[in-house]
Amino acid sequence: MNDTPPRPPTRRALLGAAGAAAAGAALAGCGPSRPHPRTPAAPAVPQSYRAGATPLVLQVLAHPDDDLYFMNPDTLHSLQSGVPVVSVYVTGGESTGVNHEPFEKHRHRHHHDRAAYSSARHQGLRQAYATMLGLPHFTTWNREVISLLPGSGPYAEINTLGNGRAHATLVFLQVSMNEPGPGASLPLMWATPGVTLPYVVAEGAPSPADQPATWTHDTLVAALAGLLDHYRPTLVRTLDPDPDLQVHDRTHRIDDDQPGYSDHRDHTAAALFAWKALTHWVSTATARDGTAPDVGTAVYRGYYNQRWPFNLPPATVALKGRLLFQYGGDQTWACGNPGGCGDYGQGRNQPMSNRKGWVRSTHQRYPATPPTAVTGTPGRRSSFEVRGTRVIRRAETRPGVWGPPQDLGGGPLAPALSAVPLPDGGTLLFALRFAALQGAGGPNTRDVVMWRAGRWMSLGNPERGDRARRTGAPSALATPDGVVHVFVRNAAKGLSTRALDPATGWGPWQDLRGGEVQEGLALIADRAGRAHVFAAGRDTVHHWAQEIPGGPVRVQPPTGLPRPGDYPVAVPTPDGAIAVSYRRPADTRFVHARIPL
C-alpha cells in the first residue's frame, strides 16, 4: 500500500493540457465551445492500456456534506485502507447564508451571511474528515490556495491532512449556488449558453482565495479536468447525473427535490459537469500519453434514498451519523474558525431523526451489474472491465494468470457491463453510453451499446427525450434457443427489453410494464430454457418470465416475498427451481426463497 500523500498543488496555475483542451474557445474569449458528438468506436487493433497506477480516489460533490450523506461509508473505507481521498466541492454551499440550529422553527430571524456559512461548512468538513482519519476533530489542516486557470482566478482553497498512511484533501471551487435573483444557478450554467456565476469568497479564506471572480460553463469543465489530470485518480466518484423522474404530491412531498426529479438540482448539475470533465480528460490524456488513464468510476444516488427502503444496517447508519455530528458541529464549539464551527442545521441528532432518512441508505446508480465481466473456461477466459470510461480486455494466458490489458474503446460508458458468451467462443458486451454530454444548449443523451468482434453498435434507447437519460445499464442473457435478451430499467421504473434472434436479427424495444423496481436486475434461464428476471420493488421482489420457451417475456403473479432492502441474486436449484436471495431493509440478515416453476 502506498504511504505517500497526493502531490500538493503549487500556487501556479493547475490547468494542464487536459484542462486547457476542455476550456475550449471560452478561455480565449470566443464563447462556449460546441464540439460535435462523435460515435466512439473500438480501435482498429486493440491498443495497449496503462495500468498499475497508484490508488487514489477523487470525489466530485455539489455541496459540503454530499459525501457524508450519500457516499459514506465508502469514503471512510477508502481512507481506512490507506487510499488517499481527494474531495472536490463544486459550490460554495452558501445557500441563503443562514446557519441555523437543528430543529429550529424561526430560521427567518437569522442574519444572512453567505461568506460565513460557506466557511462554517468548510470547517465542518475538516472536523468530519479529521475524525475519519482517526485524529481529534479540531486538528489543524494545511491550507493553501492555487490558481485553477492561467493568469488569475477563480482560485481554489485546498486543505490537506494526513495520519500515517491515510491522507485526505479537500478542494473548494466555490461556485455560487445561486444569484440573489432567479437568473442563474448551477443547473442553468450547465444547460444554458452564456450563464455565469460568481465565485463565493468564504470568510477567513487565505489570500488570494479572498478575491472575487466569475465561473462559466467552460471554465468549470476546464478546472475539473485540470484537477483530474493533476491528481490522476484511479477511481472517480460522482453524484447521479440522471436522477429518477419523481411525482410530487401529498403522498410524495417535494421536500428538497428539484421539481419532477428525485434529487437536488445541484447534485445533477455537478455530476454532469464532472462527467463532461472526465470525458475531456480521458480523451486528452489518451491522445497525449498514447494510453488511456487507468481510472474507474462510481455513481451515487442522492435524495433517491428517501423514496426506497433503507439499505444500511443500524451500525453503519450510526457510523454515518457520528461523522455528520462532527460536520454539523455546534455554536458552542471553540474551533477557531471565524465563520463558524460547522453546518449547525445538520448537527446534534438531526440526520438520525430526519424523516427523509438520507443517512440510512447508500445507493449506487449502477449496482449489481459489475464493471467487470468474465467469459470462457478456466485457463482460456477473457476479462472485460470499464476503465477510463472505456472497455479493456485481459486474456488468461494460463489458469489464474492474466495478460496485459487492451483498450477496446466504446466510451464514455457508465461503470457497468453485461457479457454474453457465444457458441463460437466470441462474446457480446452490453453497456450504457453517455452518447452526448455537451450542455450549454447542446445534446445530453444516453444509449445502450453492444460490442462484438471489435465493433461497437448502438441499440438505441427505449425512451425518448429527457426520459432517455433515466434508462439504466443493460443486463443480458442468452437462452438455449440462441436468442439474446437485453433488459433495462426504464424511465417509468419498470422494465424494457430488446431481443436478438439468430434468424431474424434485432427486434424493437418493448415495455414489459409491471411494478416499479430499483436498478440491479437478476437474470437466469431455467432448466426448460425460459428467461426470468427478478428485481427489487418497494414492497416485494417482482418477477418477469417467459411462460414457454421462446415465448414473450411477461409480468408474473406477485411473488409474495418479503420487502427487499437490496437487489436480488438468482441461482438455479438442483431440483429445477430458482433460489432468490437478498438482504432485508436496514438489516444484515438475508432472505433466501425458493421460486417453484
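Where in the chain does Ala-202 lie? In this predicted model, Ala-202 is found in the loop that runs between strand S7 (196–198) and strand S8 (214–216). The residue has a relative accessible area of 7% and is therefore buried, since the cut-off for a buried residue is under 20%. When neighbours within four places in sequence are left aside, the contacts of Ala-202 are Ala-115, Ser-118, Ser-119, His-122 and Gln-174. Phe-172 is 30 residues from Ala-202 in sequence, and the C-alpha atoms of these two residues are 9.7 Å apart in space.

Thr-131 belongs to helix H4, which spans residues 114–132. Its relative accessibility is 13%, so Thr-131 counts as buried. The side chain of Thr-131 reaches the backbone oxygen of Gln-127 at a distance of 2.9 Å. Apart from neighbours within four places in sequence, Thr-131 is in contact with His-137, Arg-322, Leu-323 and Gln-326.

Aromatic rings were considered next. A pair of aromatic rings is described by the distance of the centres and the angle of the planes. The count of aromatic pairs comes to 13. One of these is formed by Phe-70 and Trp-358, with 6.3 Å from centre to centre and 55° between the planes, a tilted arrangement. Phe-70 lies in helix H2 (residues 66–71), whereas Trp-358 lies in the loop between helix H9 (350–353) and strand S11 (372–375), so this pair ties together parts of the chain that are 288 residues apart in sequence. Both partners are buried: the relative accessible area is 2% for Phe-70 and 10% for Trp-358.

Another pair consists of Phe-430 and Trp-506, whose rings are edge-to-face, at 6.4 Å centre to centre and 80° between the planes. This pair also links distant parts of the chain, with Phe-430 in strand S17 (residues 427–437) and Trp-506 in strand S23 (residues 505–506), 76 residues apart. Phe-430 has a relative accessible area of 0% and is therefore buried.

Phe-70 and Trp-358 also take part in one aromatic cluster, together with Tyr-69 and Tyr-303.

Arginine side chains placed over aromatic rings were found as well. Arg-301 lies over the face of Tyr-304, at 4.1 Å from the ring centre. The charged end of Arg-538 sits over the ring of Trp-308, 3.8 Å from the centre of that ring.

Key:
Residues numbered from 1 in each chain as written. Predicted model: local features only at pLDDT ≥ 70, side-chain atom pairs only at ≥ 80, totals over all residues. Heavy atoms only, no water. Helix = DSSP H or I, 4+ residues; strand = E, 2+ residues; numbered from the N terminus. Buried < 20%, exposed > 50% of the residue type's maximum accessible area, 1.4 Å probe, protein only. Contact = heavy atoms within 4.5 Å. Polar contact = N/O pair within 3.5 Å; in protein donor to acceptor, adjacent residues only side chain to side chain. Phe/Tyr/Trp six-rings, centres within 6.5 Å; stacked < 30°, edge-to-face > 60°. Lys NZ or Arg CZ within 6 Å of the ring centre and 35° of its normal.
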